[in-house]
Amino acid sequence: MTIDEWRQMTKKDGALQIHVDRSTCHVLERALGFYKNPNHDISTSTNVTFVNECGQDDGGLTREFFSEAIRGLNTHRIDGRSVIFDGKMGHKLPSFAGPLSDRHVMEAIGRMVSHAILQGVHGMVGLSPAVQHVLIYPDLDTKPPILDVD
């Protein structure tokens, strides 16, 4: 992360400032870079700016940012390798062959989806119940739901 990126992500007026330049990277990549920092307080509101695009964030740009980032979890290939979640709707699982081999990516996804929900944006749909459990309860001692193999 560069100093300029850090400055853009610092709080201003109590809200997390998120600046995204869609011409240089996918929104998902920007979001993952942002949420890899565990020090961001996801209980605060956001103020999203899309560089070189008109708009003031009164909630719409935040919804667009999170919706595009979460949609990218199923469609965007990180580093040209693999999508992050793969499989049929309701049974999507992490694709550990690619970027999820880094545990910090999964933690960043959990923070991103949690922050989206707190901002009033729907979380990620289509995940396997076991994956939902891991995202919600990172303590591995908590028992996951029983899976039906039908």
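## Aromatic residues in the interior

Both Phe65 and Phe66 are buried. In this predicted model, the rings of Phe65 and Phe66 form an edge-to-face pair, because their centres are 5.1 Å apart and their planes stand at 65°, where an angle over 60 degrees counts as edge-to-face.

Across the whole structure, a search returns three aromatic pairs. Another of these joins Tyr35 to Phe66, with a centre-to-centre distance of 6.4 Å and 35° between the planes, and is classed as tilted. Tyr35 belongs to helix 2 (residues 27–35) and Phe66 to helix 3 (residues 60–75), so this pair ties together parts that are 31 residues apart in sequence. Tyr35 is buried, as is Phe66. Phe34, Tyr35, Phe65 and Phe66 together make up one aromatic cluster.

## A charge over a ring

A further ring takes part in a contact of another kind. Arg22 is placed over the face of Phe50, at 3.8 Å from the ring centre.

## The nonpolar core

The largest nonpolar core contains 30 residues, and those touching the most other members are Tyr35, Phe65, Leu73, Phe85, Ile109 and Met112. At least two residues of this core are supplied by each of strand 2 (15–20), helix 2, strand 3 (46–50), helix 3 and helix 4 (103–118). Helix 4 gives the largest share, with seven residues.

What is Leu73 in contact with, leaving aside its neighbours within four places in sequence? The partners of Leu73 are Leu28, Val83, Ile84, Phe85, Ile109, Met112, Val113 and Met124.

## Overall architecture

The protein is built from five helices and five strands. In sequence order, these elements follow the pattern α-β-β-α-β-α-β-β-α-α.

Of the 150 residues of the protein, 39% count as buried. The accessible surface amounts to about 9100 Å², and carbon and sulfur atoms account for 53% of that area. Among contacts with a separation of 6 or more, 61% are between residues 24 or more positions apart.

Note on methods: Residues numbered from 1 in each chain as written. Predicted model: local features only at pLDDT ≥ 70, side-chain atom pairs only at ≥ 80, totals over all residues. Heavy atoms only, no water. Phe/Tyr/Trp six-rings, centres within 6.5 Å; stacked < 30°, edge-to-face > 60°. Helix = DSSP H or I, 4+ residues; strand = E, 2+ residues; numbered from the N terminus. Buried < 20%, exposed > 50% of the residue type's maximum accessible area, 1.4 Å probe, protein only. Lys NZ or Arg CZ within 6 Å of the ring centre and 35° of its normal. Contact = heavy atoms within 4.5 Å. Areas by Shrake-Rupley, 256 points an atom, 1.4 Å probe, with all protein chains shown as cover. Core = buried A, V, L, I, M, F, W, Y, C linked by side-chain atoms within 4.5 Å.
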